[in-house]
Amino acid sequence: MEKILIVIFLGLFCGRMALRFILQRLNMRNLVLHGKEIPSVFAGSIDAGILNKMVDYASEQSRLESKENITSDIIELAIVFLLLPSLIEWITGMHVHLIGQALLFFAVLVLISGAAGLPFDLYHTFILEKKYGFSTITWRLWLADMAKSIILSAIIMAIIISAVMGFVILLPLSWWFWGWVFFTIFQIMLLWLYPVLIAPLFNRFEPVQDEALTEKITTMLAKAGLQARGIYQVDEGKRSRHTNAYFTGIGRSKRIVLFDTLLSSHTHDEIVSILAHEIGHWKGKHILKQLVFMIITSLLLFYIIYHVVNWSPLFNAFRINQSPVYAGFFLVSLYLEIIGFYLSPIGVAVTRHFEREADRTAVHLTGVVQPMINALKRLAKDNLSNLHPHPWYVCFYYSHPPLVDRIEYLESLDYNRDQD
């Protein structure tokens, strides 16, 4: 059984490596073949110079991502087959409380993976993004962001690990259920707290300042049956010139957030259409649906983990003599993480469907299509988006429909409206 488990792990692991490499190559090959072609929906919106810049940016992003994936895979294999047995032996030999052992164990693993990813983050932020005129962040702000992120991540990780390990110790036969209950409540708390407590640690949020724009927003919100609250602008321009908008929070903490870079580069009608799209997520209860799916999925995962976390063949397969439950959690997570990659097309297909729904709602709310089309064209140009992604790459990685497809879909909505 031990050999079978290792073969399964290596088969899944190597398959993921190969598939990620193939997807990257397909995407780049598609860019080489079609990257010089201006899609018909973008005719007159971008020129050859901008298109070349888009291609170069996408190519450099892809090369960096490939190197990071390879490094991450090598580090993971080194941890599993070289470090893990001795790390567990060292920690269990310290004779500290089981919860303390678990915290130390995962802290070491997180530090290793974080240190491995740091050079890529630095290169992306201070070389690649600056080369293409996006990054505006200072070293001081970057260090402050990193320090806050580390502290927040450490707190959240410590709470979850301590709680689950506490349930394992106190309720050995039903910890999976109570662990799931705690995890669910904690996740909902984070969703509620993020917009009002966590995000403000990094950015300043304030109501949209433009009075004329605010009036248009209020009118559109009234049409949607919503009150004019929870619409914020954020000072993201201090980090990057990328433009974006997003929907976050649940209950009374729900917010629609617009980047200051987006507000300064788009017309009022375009901003209203983008806002209408975010309201489409709101009205479609997309975050709630994803939350329900997460709750159901996590219950199934907790139950599965409960049955295999102490399974001796699993420890023997990775040459681990001791069998602390926290090590079992890590070993099971190795398999679940890789399986999750193979299942990712299902998740991103659902989010792409949500984006289509939000676009339809936006058209219904605004009564016009062209401002949204103009906004998407400007977003593509401002963010140097890849206009020619390979369909299989989209299948695995794109949470939004490709921009060309999205604009063509909006044009079809406009055509159907005209026909009616």
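The side chains of Asp145 and Arg239 meet in a salt bridge, with N and O 2.6 Å apart. Here a salt bridge is a side-chain nitrogen of Lys or Arg within 4 Å of a carboxyl oxygen of Asp or Glu. Asp145 lies in helix α4 (residues 139-170) and Arg239 in the loop between β2 (231-234) and β3 (245-248), so the pair ties together parts that are 94 residues apart in sequence. The model is predicted: local features need pLDDT of at least 70, side-chain atom pairs count only at pLDDT 80 or more, and totals for chains, interfaces and linings use all residues. Residues are numbered from 1 along each chain as its sequence is written, and side-chain values use heavy atoms, with hydrogens and water left out. Helices (H or I, at least four residues) and strands (E, at least two) are DSSP runs, numbered from the N terminus.

Asp145 has 12% relative accessibility, and Arg239 has a relative accessible area of 11%. Buried means under 20% relative accessible area, exposed over 50%, and partly exposed in between (1.4 Å probe, protein chains only).

By the salt-bridge rule, the count comes to 12. Side chains of opposite charge can pair when their charged atoms come close. Arg16 bridges to Glu337, with the closest N and O atoms 3.7 Å apart. This pair links distant parts of the chain: Arg16 belongs to helix α1 (residues 2-34) and Glu337 to helix α11 (residues 325-366), 321 residues apart. Arg16 is buried at 3% relative accessibility. Glu337 is partly exposed, at 42% relative accessible area.

Glu60 and Lys131 form another salt bridge, at 2.5 Å from N to O. The pair again links distant parts of the chain: Glu60 is in helix α2 (residues 48-92), and Lys131 is in helix α3 (residues 98-131), 71 residues apart. Glu60 is buried, with a relative accessible area of 13%. Lys131 counts as exposed, at 54% relative accessibility.

Salt bridges with shared partners also build one network. The residues joined in this network are Arg16, Arg20, Asp73, Glu76 and Glu337.

The strands form an open sheet. Four strands run in the order β1-β2-β4-β3, with mixed pairing. Two strands pair if DSSP finds at least two bridges between them. β1 (205-207) and β3 stand at the edges with a single partner strand each, so one side of each has no neighbour in the sheet. The twist averages 35° from one strand to the next. Such angles run from 0 to 180 degrees between N-to-C directions, with axes as lines fitted to C-alpha atoms, for helices over the stretch in contact. β1 and β2 pair in the antiparallel sense over 3 bridges. Within this sheet, Phe205 has Val234 in β2 as its bridge partner.

Aromatic pairs number 29 in the structure. Rings of Phe, Tyr and Trp (its six-membered ring) pair if their centres lie within 6.5 Å; planes under 30 degrees apart count as stacked, over 60 as edge-to-face and the rest as tilted. Trp176 and Tyr306 form a tilted pair, 6.4 Å centre to centre with 40° between the planes. Trp176 lies in helix α5 (residues 175-198) and Tyr306 in helix α9 (residues 286-308), so this pair ties together parts that are 130 residues apart in sequence. Tyr306 is partly exposed, at 22% relative accessibility.

Phe182 and Phe186 are stacked because their ring centres are 5.6 Å apart and their planes lie at 15°. Both residues lie in helix α5, 4 residues apart, or about one turn of the helix. Phe182 is partly exposed, with a relative accessible area of 22%. Phe186 is buried, at 9% relative accessibility. Ring pairs also link a cluster of Trp175, Trp176, Phe177, Trp178, Trp180, Tyr303, Tyr306 and Phe329.

Charged side chains also sit over rings. The criterion is NZ of Lys or CZ of Arg within 6 Å of the ring centre and within 35 degrees of the ring normal. Lys148 lies over the face of Phe202, 5.8 Å from the ring centre. The charged end of Arg255 sits over the ring of Tyr232, 4.1 Å from its centre.

Ser273 is placed in helix α8 (residues 268-283). Ser273 counts as buried, at 2% relative accessibility. Apart from its neighbours within four places in sequence, Ser273 is in contact (heavy atoms within 4.5 Å) with Ala362, Thr366, Pro371, Met372 and Ala375.
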